[in-house]
Amino acid sequence: MGTYLNFIGLVILAAFYAVYIGKMILQKRKGIQTDQIAKGKQKTKVFYIELAMKIATYSVVAAEVVSLFLVSPHLPQTLAVIGVVLGVIGDILFAVSVATMKDSWRAGIAENDKTEIITGGIYSISRNPAFLAFDCVYVGLLLIAFSWALLALSSFAMTMLHLQILQEEKFLSKAFGEEYKAYKSKVRRYLGRK
C-alpha cells in the first residue's frame, strides 16, 4: 500500500505544478510576467521574504520528490490516506484559485502591474486560497511520505508563505484602499467569513 500511496503523492504533486506552470505559460502568451517573486524590487524586507519563500518552495518540492521515491510510510496508513485527501483538496483549491484570479494572478507582489481585486468565487470565503492550497499539499505529502527533513522544509515553506501573505496584505491595502479594507473585514485570511 505504501508504494501505491507514494505514487498517488507524485500525481498530486505533478497536478499541482501542472496548474502552476500551465497558468504561467498561458499568461506569458498574453505578455504577462507571472513570476514576480524577488524580481525587480529594491533590496527591502519584501525582496528578502520573497527570496526566502522562493528558496523554501523550491527546496520543499525537491524534498517531497525524494521522500515520495525513497521513504516508506512511517505514519499509520490512516494518516497517509488523510494526506491523500488533503493533497487532492489542495490541487482542486489551487486550480480554482488560479482560474478565479484570471489574468490578475501573480506569484509574488507585482508592484508595477495593473491588476484587479478579486473578491468573488473562492475568494469570497478565503482571501488566500492559493496559499491555503500550498499548505494542504505540503501537509498532505508530509502525511503520505513522512520524513523529518520534509517536516522541517515544509514548516519553513509554510512559514515563508505566511510572511508573504502579510507583505501582500500591506501592498493590497495601498493598491486598493477602502475596497480591500472592506473585503478584509468580511473574509478571513485563510478560510471563512467574518
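Is Glu169 buried or exposed? At 6% relative accessibility, Glu169 counts as buried, because buried means under 20% relative accessible area. Keep this residue in mind as you go through the close-up views below, which come from a predicted model.

**View 1. Arg127, Glu169 and Arg189 are linked in a network of salt bridges.**
Let us start with the residue from the opening question. The side chain of Glu169 meets that of Arg127 in a salt bridge, at 2.6 Å from N to O. Arg127 lies in the loop between helix 3 and helix 4, while Glu169 lies in helix 5, so this pair ties together parts that are 42 residues apart in sequence. Both Arg127 and Glu169 are buried. Glu169 also meets Arg189 in a salt bridge, here at 2.8 Å from N to O. Arg189 sits in the segment after helix 5, so the pair it makes with Glu169 in helix 5 joins parts 20 residues apart in sequence. With a relative accessible area of 27%, Arg189 is partly exposed.

**View 2. Asp103 and Lys30 meet in a salt bridge between two loops.**
Here is a handy idea for this view: side chains of opposite charge can pair when their charged atoms come close. For the side chains of Asp103 and Lys30, the N to O distance is 3.0 Å. Asp103 belongs to the loop between helix 3 and helix 4, and Lys30 to the loop between helix 1 and helix 2, so the pair ties together parts that are 73 residues apart in sequence. Asp103 counts as partly exposed at 32% relative accessibility, and Lys30 counts as exposed at 55%. The structure holds 3 salt bridges.

**View 3. Tyr20 and Trp105 form an edge-to-face aromatic pair.**
The structure holds 13 aromatic pairs, and this view shows one of them. The ring centres of Tyr20 and Trp105 are 5.5 Å apart and the ring planes stand at 90°, so the pair is edge-to-face. Tyr20 lies in helix 1 (residues 2-29) and Trp105 in the loop between helix 3 (77-101) and helix 4 (129-144), so the pair brings together parts that are 85 residues apart in sequence. Tyr20 is buried at 14% relative accessibility, and Trp105 is buried at 6%. Both rings belong to one aromatic cluster, formed by Phe16, Tyr17, Tyr20, Phe94, Trp105, Phe134 and Tyr138.

**View 4. Phe146 and Trp148 form another edge-to-face aromatic pair.**
Their rings are 5.0 Å apart from centre to centre, with 85° between the planes. Look at how the two partners sit: Phe146 is buried, with a relative accessible area of 13%, whereas Trp148 is exposed, with 66%.

**View 5. The largest pocket has a volume of about 760 Å³.**
Among the 39 residues that line this pocket, the closest to its centre are Trp105, Arg106, Gly108, Phe131 and Glu168. Helix 1, helix 2, helix 3, helix 4 and helix 5 (148-186) each give two or more residues to the lining. Helix 5 gives the most, with 9 residues.

**View 6. Tyr48, Leu51 and Ile55 form a nonpolar patch on the surface.**
Together, these three side chains make up a patch with about 280 Å² of accessible area. Leu51 is found in helix 2 (residues 45-70). With a relative accessible area of 32%, Leu51 is partly exposed.

Key. Residues numbered from 1 in each chain as written. Predicted model: local features only at pLDDT ≥ 70, side-chain atom pairs only at ≥ 80, totals over all residues. Heavy atoms only, no water. Phe/Tyr/Trp six-rings, centres within 6.5 Å; stacked < 30°, edge-to-face > 60°. Helix = DSSP H or I, 4+ residues; strand = E, 2+ residues; numbered from the N terminus. Buried < 20%, exposed > 50% of the residue type's maximum accessible area, 1.4 Å probe, protein only. Patch = residues over 30% accessible without salt bridge, like charges linked within 9 Å, V, L, I, M, F, W, Y side chains within 5 Å. Areas by Shrake-Rupley, 256 points an atom, 1.4 Å probe, with all protein chains shown as cover. Salt bridge = Lys/Arg side-chain N within 4 Å of Asp/Glu carboxyl O. 1 Å grid on protein atoms, 1.4 Å probe; cavity = no way out; pocket = protein on both sides within 12 Å on 5 of 7 lines; lining within 4 Å. Points joined across faces, edges and corners; volume = space filled by probe spheres on them.
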